[in-house]
Amino acid sequence: MPSPNFIYPARCRCSPPWFVLVITVCALPLSAQTLTHGPFAGAVTSQSARFYARVAPAAEVAIQLAATPDFNSARTSAAVRTDSLRDYAALLELSGLQPDQRYYYRTLVNGQPAGEVRRFKTFPREGERVPFQFAFGSCIVVRRQPQSEDGRVFTVMKNDDLRFFLQIGDWCYPDTTDSPAQPQRVFSADLRRVQESYRAKYDSSHALQQVLRTTPIDYVYDDHDYLNDDASALSYPRNDSMRTITVPASVRANNIRAYQEAFPGYALANPQGGIWHKFSCGNADFFMLDTRAQRSPNLEAFVYNPVTDSIEFAPGPQHSMLAGYADLAGENQMDWLLRELQASTADWKFIVSTVPFNRGLRPVIDLSVMLQDSILTVPGYGTGSLLRIGLGIADKWVGFPADQERLLQFLAEHDIKNVIVLSGDTHTAAIDDGTNAGLPELMAGALEQSNSRLVFLLELFRFNIWNGGGQNISSGNFNDAYGRVTVHGADSVRLEIVDEFGALVAGRTIRAAAASAVTAPGAVPRAPALPQIYPNPFAPAQAPFAVTIAFAPAPSAAVEVAIYDLTGRRILSRSLPAGVRQFRWLGHDETGGPAASGLYFVRVKVTEAQGRRHFATQKLLLLR
């Protein structure tokens, strides 16, 4: 019996008789047809699966599948002929499979076995409460010159008992900014280049193949065009090196088409609009979001205020990452998500987003924009504009008010529980139980990237918005890592971060009925009104001697007032008892010494009795 990784030759290597040699010579043109990539499995259900294989030049391709590696009683899919228009890729399907069954599969090229024998396991029946485990993450590097440490995270991951792996972004880019060979830098306007992007990740030498040999995959792309909406817009003018560029309409079509032709994915909910889709495994439903194809352009969330001569973060009520594309045909993504969440009868519902949902990122953006003229230098991490930091976080955040409040309100109103968010793209990893994020969230965005240490840096500035641990000050672990999730029937879900050496970075268990929106109907948290500061500008040498900082929290809420200088250094902090509605500052720092003239910002944190926290910031000009 051959091993699962046995390599089947394209032709018999024994010495054939002369008449077979004649036939072989006649078939030489066909013998050049090679399985160049694959096979691997995707879109697995309890009864079916899809497969990818690439054979060039054109050939007849099929998948053979059996319950044993010797392929006794094997089944064979319908054959597909590869062609250059689809980059010689074939997507094959088999249905009528048995639930919770291990299968072995291989590729047939012109009827002959080729390539590796691989395996996967079908899912339990929908609704069946069978414990299972899966992994996910984002951000993979494909280097021109691979390094020895590349892919260690997949070497660890392959030892887990995984039902599937979710690659959530930064794998095959749909953006338009990565082609120095083209002056206009429009990557996705060329279908061939998008196809090549997929093919690069399917190479047999890539470390991810260690996982794909035994584990099916699902995928949603992400974009790193930073601020623009050029990956999805029919046409979107943007400035690039002092020129205005209009992205061609083919960009949107190419990205959706390449996904459908080059990846063995599940059926899309609205193929005209994007790649969002749903699948089920046992007692869990997974809602795979497309956070790019329907997004409002990020630049529209940042508004210039001529009065203050500054940029403000002011996303409008319709600004959305899930339903911001007005000319969409058919149902938009947000309507689909809410409808499917309400209709779901699964014990657990996973919202899979390529970027974080955590609502605690809003005050970080507000603070960065407020101090937009400041340059932040952190030893060991470099120097950058605070405005640029705010812009970057907004680009990697699916929590815009239009989306976030609508989703949380909907979950609360319809009593939809056990909803968990899985996210990535930040090049770091952390967990929140829902207190800060709004929903329990596991963020895993550093499969194979230099760690951004974003959570660590936020904690340095007292933004503790991930309470379940992760790659933060406490752990000091900034290795490559992935998210591992174990569904324990209807009882609980275990969220874990595992690094490239197998170490557990952080873990948090979410119990059933606790994994719901933390807000009640009508109580979705909003940023409090800005504190009233008077006089402003403030000159201590003139009357009044102190500046008054007034606010209006709930009577039972505790308040903390902090004052920061332009470098982000906190110079003073005071905790005030419940019921206090103002604070008077004498212009001194924590040591009692006089603060220098300049621009400061006042940050007010309000903590309600129920534990909910709100932040607001306001500028203060000190003149001496």
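Visitor: What share of the 624 residues of the protein chain counts as buried?
Guide: This is a predicted model: local features need pLDDT of at least 70, side-chain atom pairs count only at pLDDT 80 or more, and totals for chains, interfaces and linings use all residues. Residues are numbered from 1 along each chain as its sequence is written, and side-chain values use heavy atoms, with hydrogens and water left out. Buried means under 20% relative accessible area, exposed over 50%, partly exposed in between (1.4 Å probe, protein chains only). Of the 624 residues, the buried share is 56%.

Visitor: How many helices and strands does the protein chain have?
Guide: Both are DSSP runs numbered from the N terminus: helices are H or I with at least four residues, strands E with at least two. The count for the protein chain is eleven helices and 33 strands.

Visitor: Among contacts between residues at least 6 apart in sequence, what share joins residues at least 24 apart?
Guide: Contact means heavy atoms within 4.5 Å. Among the contacts in the protein chain that span at least 6 places, the share joining residues at least 24 apart is 68%.

Visitor: How many aromatic pairs does the whole structure hold?
Guide: Rings of Phe, Tyr and Trp (its six-membered ring) pair if their centres lie within 6.5 Å; planes under 30 degrees apart count as stacked, over 60 as edge-to-face and the rest as tilted. A search of the whole structure gives 34.

Visitor: Which elements do the buried residues of helix H7 pack against?
Guide: H7 covers residues 333-343, and its buried residues are Gln 333, Met 334, Trp 336, Leu 337, Leu 338, Glu 340 and Leu 341. They pack against strand S14 (277-281), S15, S18 and helix H10 (401-413).

Visitor: How far apart in space are Trp 336 and His 277, C-alpha to C-alpha?
Guide: Trp 336 lies in helix H7 and is buried, at 3% relative accessible area. Leaving aside neighbours within four places in sequence, Trp 336 is in contact with Ala 269, Trp 276, His 277, Lys 278, Phe 287, Leu 289 and Glu 331. Trp 336 and His 277 are 59 residues apart in sequence, yet their C-alpha distance is 9.3 Å.

Visitor: Which residue of S11 is the bridge partner of Leu 166?
Guide: Two strands pair if DSSP finds at least two bridges between them. Strand S10 (residues 165-168) pairs with strand S11 (residues 217-220) in the parallel sense over four bridges. From S10, Phe 165 and Gln 167 point one way, Leu 166 and Ile 168 the other, and all are buried. In S11, the bridge partner of Leu 166 is Asp 218.

Visitor: Which residue stands opposite Gln 167 of S10?
Guide: Strand S9 (residues 132-137) runs parallel to S10, joined by three bridges. Opposite Gln 167 stands Gly 137.

Visitor: Is Asn 451 buried or exposed?
Guide: Asn 451 lies in the loop between strand S23 (441-444) and helix H11 (454-460). Not counting residues up to four places away in sequence, Asn 451 touches His 427, Thr 428, Ala 446, Gln 471, Phe 478 and Asn 479. At 16% relative accessibility, Asn 451 counts as buried.
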